[in-house]
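Let's take a look at this protein together. Start with the picture below, then read on.

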Amino acid sequence: MLNIGIIGSGFGLYGLLPAFYTLKNCQVVAVCATHPQRIKKYVYSRGLTNIYSNWRHMLAKEKLDVLAIAVTPKAQYEIAKVAIPKGIHIFAEKPLADTYNHAKHLYKLAKRYHITHAVDFIFPEIDTWREIKKLLDDEKYGKLTFVSVNWDFLSYDIQNQISSWKTDATQGGGALTFYFCHVLYYLEYFAGEIVDLKSNLVHSKKSVRGADVGADLLFRFSNNIRGSAHISCNTIGLNRHQLIFLCEKATIILENKNSFVRNFKIKIYTDSGKKSTIIKKGAQADNEKARVDLVKKIAKRFIRACRNKQQMKPSFVQGVRVAQLIESIRAKEVW
């Protein structure tokens with residue numbers, strides 16, 4: 001039985017805790033959270049009494065096999081670099097760290113101390129996304145030639161002009177690091193390695209600490225597929241997440257509206273003009289539960305890998321790769 005500690009007052013409590021709490025072969029034994037008012041709702045009902053407000057105290061007092069972390073990228077780096085030499089396996093939030101160098105450092109430590117590691121990139125865990133992956137891999141409609149992303153919404157921090165780490169690029173905030181890291185991961189998941197890119201970052205006075213609120217990019221992949229991506233967390237009146245795959249014999253659209261991970265649908269337009277729609281059946285859970293269900297899929301693979309002393313995906317490898325792309329984007333902003 002693997003003993004798990006969870007760190008984080010936000011998604012750590014309402015996301016990671018319920019995801020790991022119901023898994024077999026592991027048990028949550030301790031939680032660290034800096035906001036006591038949130039503890040009761042998520043912790044007491046599960047009978048957890050080992051509650052800390054200082055993560056160093058938790059690591060010193062508890063015999064942990066696994067640490068699941070949901071804090072700022074900069075804090076995650078500080079925590080993980082202390083936990084890894086203790087032989088503790090790490091389940092990390094995205095992005096892995098606040099800088100590419102810090103992400104590389106965590107991966108080097110993980111290799112040195114032979115720990116299992118994971119990063120919580122959740123979108124490819126959605127059933128419809130996996131259906132798209134299978135269609136592309138099987139070349140059901142011929143080869144993929146172009147992929148585009150359009151992701152628009154209005155974030156809570158931007159809408160309310162909140163001064164937080166999410167609007168501070170030095171802490172790992174901003175649209176590029178906090179949201180676009182998902183896009184960078186899933187673009188390579190679908191289309192292969194990105195080998196060239198051009199970028200433009202968008203800023204707004206509504207971002208109190210000055211972090212970017214949007215990004216527009218052009219890509220070239222290693223197999224000569226081309227792509228474009230647009231993301232904005234400062235879009236009023238529009239909440240959509242859309243991926244368009246141009247194949248030799250069809251156009252495939254994957255999209256949802258007014259939700260983070262729910263209700264993604266697939267539309268396929270063939271060269272004969274016909275359209276088909278694929279909707280995966282299933283309970284329409286609220287956004288919070290839907291995210292937990294996706295995290296649980298990754299967590300289940302992670303626990304199995306820990307027990308078998310293996311690695312899994314997505315891991316620090318993908319976390320480092322995304323950090324590398326983010327650094328490259330910031331360095332190559334040319335528009």
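## The sheet

Two strands pair if DSSP finds at least two bridges between them. Strands here are DSSP E runs of at least two residues, helices are H or I runs of at least four, and both are numbered from the N terminus. This is a predicted model, where local features need pLDDT of at least 70, side-chain atom pairs count only at pLDDT 80 or more, and totals for chains, interfaces and linings use all residues. Residues are numbered from 1 along each chain as its sequence is written, and side-chain values use heavy atoms, leaving out hydrogens and water.

Now find the open sheet: six strands in the order S3-S2-S1-S4-S5-S6, paired in parallel. Its edges are strand S3 (51-52) and strand S6 (117-119), each pairing on one side only. Further in, strand S1 (residues 2-7) runs parallel to S2, with six bridges between them. On this pair, Asn3 sits opposite Gln27 in S2.

## Salt bridges

You'll find twelve salt bridges (a side-chain nitrogen of Lys or Arg within 4 Å of a carboxyl oxygen of Asp or Glu). One of them joins Lys133 to Asp137 at 3.5 Å, N to O. Both residues lie in helix H6 (residues 127-137), four residues apart, about one turn of the helix.

Another brings Arg321 and Glu188 together, their closest N and O atoms 2.7 Å apart. Arg321 belongs to helix H10 (residues 316-331) and Glu188 to helix H8 (residues 175-191), so this pair ties together parts 133 residues apart in sequence. Salt bridges with shared partners also join Glu125, Arg130 and Arg301 into one network.
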